[in-house]
Amino acid sequence: MKINQERLIDSFIKLVQIDSESGEEREIIDYLQSELRNLIFKCEIDKTGNLIASNGSKPVVALTAHVDTVKPGKDIKPIITKDGLIKTDGSTILGADDKTGVASILEILRTLNENNKSVQLEIIFTVQEETGLIGSKNLDFKAIKSKQALNLDAEPGHIIIGEPANMCFDIEVLGKTAHAMHPEKGINAIEIAAKSIEKIKWGRIDEETTLNVGVIKGGLARNIVPDRVLIEAEVRSRSASKFKLHCQEVIKIFEETAKAMGGKVIVKSR
Ligand SMILES: [Zn+2]
């Protein structure tokens, strides 16, 4: 089977000229719905506005792309240069992210169709990706039958099979200030922080999990027991269970250590 390059480019040019800044995807979703129906796909739009379509009850894979673009993405005028590059007049974005993915999916379906290849597929076009994956986070997963999906939204030539979750911690360790000559009256926040850091295994935990403590700030003067230390740390993992475990462990160790030494911690995580 041969991809019709000319049709692919025409399709891309058409797609980028349909305005679809995040939150304003109705027009492009309607257009894609009618194109998919022409290719004998059953379509539904979920309550978030995502388009879910399939041409059979047992799809082998889902092909997905997001239809929204960043700003300024209205009234885009694509230009094809002599070298075959597609760009704009400079007053707007082009919208290649992710209209290239959308155009590729349409071309795959048209190519299969004209070659009379029947492959059961599911197509998922999501909205509001650029503003925080709102479409895919709220996707009606119950309506999806595929066990695997190819999301066409990465650098050409790359296949990404996993990405880590990332938790950022801002840990405020609180003790009690005192003069260095009366240490028994104080609670040393630097000591609480140091002991907590000592108890945690940092660096590479396994092939999919890393922990890092990257910033420590605190103390006012050599002769003052410090009452406040700020620590910035992070946990990354591609495993949801390990991610949760290590995030909980970081908080627990800081809290327990602080408590045992008479201090406390305030942990902000995001
Ligand atoms: Zn994208």
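This is a predicted model: local features need pLDDT of at least 70, side-chain atom pairs count only at pLDDT 80 or more; totals for chains, interfaces and linings use all residues.
Residues are numbered from 1 along each chain as its sequence is written. When I say strand, I mean a DSSP run (E, at least two residues), numbered from the N terminus; two strands pair if DSSP finds at least two bridges between them.

So, back to that pair. β3 and strand β7 (residues 149-151) run parallel, with three bridges. β3 also has six bridges to strand β6 (residues 121-126), again in the parallel sense, and there His 66 has Thr 126 as its bridge partner. Five of the six residues of β3 (residues 61-66) are buried, so the strand is largely enclosed by the rest of the structure. Buried here means 20 or more other C-beta atoms within 10 Å of the residue's own, with exposed at 12 or fewer, partly exposed in between, and C-beta atoms placed from the backbone.

Now, the domains: domain 1 is 5-151 and domain 2 is 165-269, with bounds from an automatic or database domain assignment. Their centres, over C-alpha atoms, are 45 Å apart.

Next up, β13, residues 228-237. Its covered face has Val 229, Ile 231, Ala 233, Val 235 and Ser 237, while Arg 228, Leu 230, Glu 232, Glu 234 and Arg 236 make the uncovered one. Strand β8 (residues 165-174) pairs with β13 antiparallel over 10 bridges, with Asn 166 opposite Arg 236. Strand β11 (residues 209-218) is antiparallel to β13 too, through nine bridges, and Lys 217 sits opposite Leu 230.

Methods. Helices (H or I, at least four residues) and strands (E, at least two) are DSSP runs, numbered from the N terminus.
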